[in-house]
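Please keep the sequence and the structure in view while reading.

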Amino acid sequence: MPTPSPSRSSAATAATWRTPSSPPPPAGYAAALAFLNAHGHVIAIGVEGTSSYGAGFTRVAVSHGQHVVEVNRPDRAERRRIGKSDPIDAYAAARAALSGRASSAPKDDTVAGIRALHNGARSAVKPRTAALNQIGSILITAPETDRAKYGHLKGTDRTDALARLRPAGGAVHTAVLTALKSLARRVKELTAEHQALVKALDSVVSVHNPGWRAARCSPWACRSEGQPVQDDSRLASGATSGDARLCDSKRTCLG
């Protein structure tokens, strides 16, 4: 590839002259930056996956004053035509950064923190739902006395009652109550864990995007008012349609 003029040289195009092998991070980050700077003035570094596998290098590059741009995944047709390898992907990132096709700023650590809290909160929902379903299934086939005592309870009333159980009696009766108690305590623990993570997420979002937060009610705030809510899985990505309801200044859901 022809050597670009200094005014058009980019960090990523240095990789087209020679493909270096760097040691593992964090030493590899410093070695990569040194390699890039050794080939002239760096005007841009194209990185694929700045918020995933490229996050570490992106942080180091930005901390050294480099201009980093987010590069989308290489075109699939081009990959089928020329193959897939790390050097090929690096060349594609270099061309995208040099041509200006890649110009988006990488996400900062604020988004990474929001994503971490969001993923943690979501991961507590599925096992909680599974435990609740197991409680219902066990009560369907439980001895008549247990089914009559706990089957009519709903929601937190049932969970609280089962969590306070002191299993005793016959072997079958004790086994059923022990399982119900364990599942109920699991539900309560996962509920508390989810609420704590959601509270932390709400706080972070409020600090970094107060305008959006003031205009829209979070799904968990609506839930606290007893309102049905739609999917909140896209909250951390900034979804604004169908994922939250409008609120007034006192955070009361308006629907």
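## Helices H1 and H2

In this predicted model, helix H1 (residues 27–37) and helix H2 (residues 55–63) have axes that cross at roughly 55°. An angle under 35 degrees would count as roughly parallel and one of 65 to 115 as roughly perpendicular; H1 and H2 are therefore oblique to each other. Their axes come within 10 Å, and the crossing of H1 past H2 is right-handed.

On the H1 side, the contact is formed by Tyr29, Ala32, Leu33 and Leu36. These residues meet Gly56, Phe57, Val60 and Ala61 of H2. By residue class, the contact of H1 with H2 comprises seven nonpolar residues and one polar residue, with no charged residue.

## Helices H8 and H9

A second pair consists of helix H8 (residues 155–163) and helix H9 (residues 171–208), whose axes come within 8 Å and cross at roughly 125°. That angle makes H8 oblique to H9. The crossing of H8 past H9 is left-handed.

From H8, the residues Thr159, Asp160, Leu162 and Ala163 take part in the contact. Their counterparts in H9 are Leu180, Lys181, Ala184, Arg185, Val187 and Lys188. The residues of the contact of H8 with H9 are divided into five nonpolar, one polar and four charged.

Beyond its neighbours within four places in sequence, Thr159 is in contact with Leu132, Ala184, Val187 and Lys188.

## The protein as a whole

The secondary structure of the protein comprises eleven helices and four strands. The protein has 255 residues, of which 34% count as buried.

Considering contacts between residues at least 6 apart in sequence, 55% join residues that are at least 24 apart.

Definitions and conventions
Residues are numbered from 1 along each chain as its sequence is written. This is a predicted model: local features need pLDDT of at least 70, side-chain atom pairs count only at pLDDT 80 or more; totals for chains, interfaces and linings use all residues. Side-chain values use heavy atoms; hydrogens and water are left out. Axes are lines fitted to C-alpha atoms, for helices over the stretch in contact, and angles run from 0 to 180 degrees between N-to-C directions. Helices (H or I, at least four residues) and strands (E, at least two) are DSSP runs, numbered from the N terminus. Angles under 35 degrees count as roughly parallel, over 145 as roughly antiparallel, 65 to 115 as roughly perpendicular and the rest as oblique. A crossing is left-handed if the near helix is turned anticlockwise from the far one by less than a right angle, and right-handed if clockwise. Contact means heavy atoms within 4.5 Å. Ala, Val, Leu, Ile, Met, Phe, Trp, Tyr, Cys and Pro count as nonpolar, Asp, Glu, Lys and Arg as charged, and the others, Gly among them, as polar. Buried means under 20% relative accessible area, exposed over 50%, partly exposed in between (1.4 Å probe, protein chains only).
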